[in-house]
Amino acid sequence: TFGQISTASGNGSSTYAANVTPQAGHNTYLAFLSSDGTRPSSTNFGTNYTTRQHNYGFNSSSTVYFATAGSSNRTWNGNIDGSDGLLIVPVSNATYASSVNSSTNSKTPPNINCNAGDAVVVVLYTQDKLNPTISPPSGYTLLGRADGGTSGGSCASVFAAAKLITSSGWEYPGSWTTNASGGQVHLSQTIRLT
């Protein structure tokens, strides 16, 4: 089961500490960050989290970050800047198993092999589109979104949706529906929780 989603949104002007504490009592935390600003490394992100995906500098000026943490009440104590959208998803009775990434600019999360009872989370990152319209792939429930930045300036968003798997085999998520297009899309991810 998924708990209360926590978000932090950049204010469009400067870097600031995002001390985000999600709902306590969960054994896994998923952290997603989208930025329209290039980062030199992953060291400025949440120190309680294990980095699973970190792309920076592609599309010339964008960063995608995905990390996980275990135990309870994992506070995000890293920095985000004015264009960032940070989304933290607490999960009960499930742990991180694996993840796959799409190619750059893809709205379609990649396929993943699952077991019955797994939960699959699909994530879409966008940049250069302030507060885009969004609908998750068919059969998935939107968990949350985080948007950062300002109109006419740097901006980025992150979205997550989930689905419970009822039979073993390959899961083929459909595409996200959004008015972000082309270079406005970072990439999509598919994450399996067991």
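How many aromatic pairs does the count come to? The count comes to five aromatic pairs in this predicted model. The views below start with one of these pairs and end at a sheet.

**View 1. Tyr-65 and Trp-76 form an edge-to-face pair.** The ring centres of Tyr-65 and Trp-76 lie 5.8 Å apart. Their planes meet at 75°. Planes over 60 degrees apart count as edge-to-face, so this pair takes that label. Tyr-65 sits in strand β5, residues 62-70. Trp-76 sits in strand β6, residues 76-80.

**View 2. Are Tyr-65 and Trp-76 buried or exposed?** Tyr-65 is buried, with 1% relative accessibility. Trp-76 is buried too, and its relative accessible area is 0%. Buried means under 20% relative accessible area, so the value of 1% puts Tyr-65 in that class. The value of 0% does so for Trp-76.

**View 3. Three aromatic residues form one cluster.** The members are Phe-32, Phe-66 and Tyr-96.

**View 4. Five strands build an open sheet.** Their order is β8-β16-β10-β13-β12. The pairing is antiparallel. Strands β8 (96-101) and β12 (141-149) are the edges. Each edge strand pairs on one side only. From one strand to the next, the twist averages 15°.

**View 5. Strand β12 meets strand β13.** Eight bridges join the two strands. They run antiparallel, and β13 covers residues 155-164. Which residue of β13 stands opposite Gly-148? Ala-156 does.

How values were computed:
Residues numbered from 1 in each chain as written. Predicted model: local features only at pLDDT ≥ 70, side-chain atom pairs only at ≥ 80, totals over all residues. Heavy atoms only, no water. Pairing = 2+ DSSP bridges. Helix = DSSP H or I, 4+ residues; strand = E, 2+ residues; numbered from the N terminus. Axes fitted to C-alpha atoms, helices over the stretch in contact; angles between N-to-C directions. Phe/Tyr/Trp six-rings, centres within 6.5 Å; stacked < 30°, edge-to-face > 60°. Buried < 20%, exposed > 50% of the residue type's maximum accessible area, 1.4 Å probe, protein only.
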